[in-house]
Amino acid sequence: MLITATRQPRITSVAALLIAVAGALPLVAQSPDVNKLLREIKAADTDLLSVSEEDGRFLRVLAASSGAKHALEIGSAFGYSAIWIGLGLRETGGRLTTIEYDPARAKKAADAVRRAGLADIVTVISGDGFEKIPKVSGEFDFVFLDAWKKDYKRFFDLVFPRLAPRGLFLAHNVVNKQAEMRDFLAAINNNPALFTTIVTPSGEGMSVSYKKK
Ligand SMILES: C[S@@+](CC[C@H](N)C(=O)[O-])C[C@H]1O[C@@H](n2cnc3c(N)ncnc32)[C@H](O)[C@@H]1O
């Protein structure tokens, strides 16, 4: 079980459906060059840092359908999820700032974003999110948290005050690494200003919370 308290988010039937069909979907939703690039990033990612393709698709769907304009990602790694989010934002006129602690990874992420034709949409910042986020101005309406799991609660505390009303706060690995982030899961469950569900497009689990008005 994810959490034993009665207010735990539910793993929805939509999530089960996503698991069932995502593996069967061909990569037709973007240009052949971008598909090739996404596959290249995955092939080189021997430490398996990047989200799954199913989770990437889910991020794109949410970024586009929520109409996000000012997105933040914490933990870019090689830019895989940033590209999926950027593809969604291309349809909304939105922008993504993504922050990566490791300078070599940040450089690879920036190169990948350029190759994906998303340099006008996605900005990669090299550095520690705790230091860099306060320097990014404005409210966020879409946040994807995918840094080290023990830091999730601290990142949530830092970003939540800047989440716009109806803004989405997403966090990765909330099922397969829940033991490393119990304080974060309690925080999103117990915050009366948030409504949260958990989906599992590929089993790792993503919390999806929106800030009530
Ligand atoms: C799981 S990977 C991110 C994968 C990426 N979201 C994707 O799906 O393509 C986690 C990344 O977070 C970075 N990270 C960890 N702590 C961080 C921090 N405090 N600020 C910025 N990045 C951080 C790590 O260096 C690592 O590259």
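1. Strand 1 (residues 70-74) and strand 4 run parallel and are joined by 4 bridges. Within that pairing, Ala-71 has Phe-142 of strand 4 as its bridge partner. The model discussed here is a predicted one, and the remarks below should be read as remarks on that model.

2. Strand 4 also pairs with strand 5 (residues 163-172), again in the parallel sense, over 5 bridges. Here Val-143 stands opposite Phe-169 of strand 5. As for burial, strand 4 (residues 140-145) has 6 of its 6 residues buried, so the rest of the structure largely encloses it.

3. Strand 1 is joined to strand 2 as well, through 5 bridges, and these two strands run parallel. The bridge partner of Leu-72 in strand 2 is Thr-97. Strand 2 is mostly covered, with 5 of its 6 residues buried. Beyond strand 2 comes strand 3, joined to strand 2 by 5 bridges and running parallel to it. Glu-100 has Ser-126 of strand 3 as its bridge partner.

4. Taken together, 7 strands form an open sheet with mixed pairing, in the order 3-2-1-4-5-7-6. Which strands stand at the edges? They are strand 3 (122-126) and strand 6 (194-199); each has a single partner strand, so one side of each is left without a neighbour in the sheet. From one strand to the next, the twist averages 15°. As background, strands of a sheet pair through backbone hydrogen bonds, either parallel or antiparallel.

5. Helix 8 (residues 182-190) packs on this sheet and touches strand 5, strand 6 and strand 7 (206-211). The direction of helix 8 makes about 130° with that of strand 6.

6. Helix 4 (residues 80-90) packs with helix 5 (residues 103-115) at an angle of about 35°, and their axes are 9 Å apart. The crossing of these two helices is right-handed. Helix 4 contributes Ala-82, Ile-83 and Gly-86 to the contact, and helix 5 contributes Ala-109, Ala-112 and Val-113. By class, the contact of helix 4 with helix 5 holds 5 nonpolar residues, 1 polar residue and no charged ones.

7. Next, the ligand. The shell around the ligand has 22 residues, of which Gly-75, Ala-77, Tyr-80, Ser-81 and Gly-129 come nearest. Helix 4, strand 2 (95-100) and helix 6 (129-132) each supply at least two residues of this shell. By class, the shell divides into 11 nonpolar, 5 polar and 6 charged residues.

8. Is Arg-60 buried or exposed? Arg-60 counts as buried because it has 22 C-beta neighbours inside 10 Å, where the cut-off for burial is 20 or more. Arg-60 is placed in helix 3 (residues 53-65). Leaving aside residues up to four places away in sequence, Arg-60 touches Trp-84, Ile-85, Leu-87 and Gly-88. Arg-60 and Ser-81 are 21 residues apart in sequence, with 8.8 Å between their C-alpha atoms. Ser-81 is also one of the residues that come nearest to the ligand.

9. Two backbone angles may be worth a check by the reader. Most residues other than glycine have a negative phi. Leu-48 is not a glycine, yet has a positive phi of about 55°. Leu-48 lies in the loop between helix 2 (32-44) and helix 3, and counts as exposed because it has 9 C-beta neighbours inside 10 Å.

10. The second case is Arg-166, which is not a glycine either and has a positive phi of about 70°. Arg-166 is placed in strand 5, whereas Leu-48 lies in a loop. With 12 C-beta neighbours inside 10 Å, Arg-166 counts as exposed; the cut-off for that class is 12 or fewer.

11. Some totals complete the note. The protein has 8 helices and 7 strands. Of its 213 residues, 42% count as buried. Among contacts in the protein with a separation of 6 or more, 75% are between residues 24 or more positions apart.

Methods:
Residues numbered from 1 in each chain as written. Predicted model: local features only at pLDDT ≥ 70, side-chain atom pairs only at ≥ 80, totals over all residues. Axes fitted to C-alpha atoms, helices over the stretch in contact; angles between N-to-C directions. Left-handed = near helix turned anticlockwise from the far one by under 90°. Contact = placed C-beta atoms within 7 Å. Nonpolar A, V, L, I, M, F, W, Y, C, P; charged D, E, K, R; others polar. Near = placed C-beta within 6 Å. Pairing = 2+ DSSP bridges.
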